[in-house]
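Hello,

Please find the sequence and the structure below. My notes on them follow.

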Amino acid sequence: MRCPYCAHMEDRVLDTRIGREGDSIRRRRECLKCHGRFTTMETLLQVYPLIVKKDGRREPFSKEKVLKGIQAACQKRPVSLAQMEQIVERVAKWVLSRPEREVTSEAVGQKVVKELRLLDDVAYVRFASVYQTFRDVGEFVSHLEGEAGEGDEVSSDELRPVASAGEESPPKAKTKLKPETPE
Ligand SMILES: [Zn+2]
């Protein structure tokens with residue numbers, strides 16, 4: 001690391017500290033030439049694969065977008081923000097662990113559907129049915145925003161559960177989704 005005082009390239013490490021979350025390392029260094037001291041920080045580079053939308057456009061993965069979609073599906077359901085955020089974290093982790101450099105928005109949606117299914121029947125059916133129409137979380141969210149206006153009330157017909165939870169078996173999320181192979 002180049003010394004910030006004299007630009008010398010050699011230093012020695014005086015102290016190494018691991019960040020509270022365990023996801024960063026700080027090193028206190030001393031320049032071998034001028035003995036100036038400085039700190040460097042090491043973090044893991046998280047590179048999310050690009051999300052391929054249905055129309056072929058690519059966009060960066062957005063946790064915020066996924067959360068919005070989940071929040072819309074969970075309106076008036078007994079699901080806490082913390083639970084929704086946990087789903088987002090699991091989906092993000094899943095996206096990060098993909099070996100491919102691009103992931104289809106459909107695959108992300110299917111992952112959300114799976115997670116919601118474990119949590120809340122109604123939210124699951126809402127997300128699965130609306131998602132089948134839009135096949136893209138972004139489209140889904142902008143549709144909801146358009147329908148909902150400024151209020152937080154979402155009154156779109158598509159958001160109503162298509163099957164009452166419990167009695168009928170919920171529609172299979174995958175039946176209509178054609179898997180797209182990423183290039
Ligand atoms: Zn120096």
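This is a predicted model: local features need pLDDT of at least 70, side-chain atom pairs count only at pLDDT 80 or more; totals for chains, interfaces and linings use all residues.

The mean pLDDT (the predictor's confidence in each residue, from 0 to 100) of the chain is 79, and 71% of the residues reach 70 or more. Residues 148-181 have a pLDDT below 50. Beyond near neighbours in sequence, that stretch still has 46 contacts in the model, a contact being two residues whose C-beta atoms, placed from the backbone, lie within 7 Å.

Residues are numbered from 1 along each chain as its sequence is written.

Sheet

Three strands, in the order β1-β2-β3, form an open sheet with antiparallel pairing. Strands here are DSSP runs of E with at least two residues, helices are runs of H or I with at least four, and both are numbered from the N terminus; two strands pair if DSSP finds at least two bridges between them. β1 (11-18) and β3 (37-43) each have a single partner strand and stand at the edges, so one side of each lacks a neighbour in the sheet. From one strand to the next the twist averages 25 degrees, with axes fitted to C-alpha atoms and angles running from 0 to 180 degrees between N-to-C directions.

β1 and β2 are joined by 7 bridges, and V13 stands opposite R29 in β2. Their hairpin has 5 residues between the strands, and G22 takes a positive phi near 75 degrees there.

β2 (residues 24-31) is joined to β3 by 7 bridges. R27 faces T40 in β3, and E30 has R37 as its bridge partner in that strand. This hairpin also has 5 residues between its strands, with H35 at a positive phi near 65 degrees.

Core

The largest nonpolar core has 24 residues. Such a core is a set of buried Ala, Val, Leu, Ile, Met, Phe, Trp, Tyr and Cys residues joined through C-beta atoms within 7 Å; buried means 20 or more other C-beta atoms within 10 Å of the residue's own, exposed 12 or fewer, and partly exposed in between. I70, V112, L116 and F127 have the most contacts inside this core. Two or more residues come from each of β4 (50-52), α1 (63-73), α2 (81-96), α3 (105-119) and α4 (121-134). α4 gives the largest share, 7 residues.

Which residues does V112 touch, not counting those up to four places away in sequence? They are V66, G69, I70, I87, V91 and F127.

Regards
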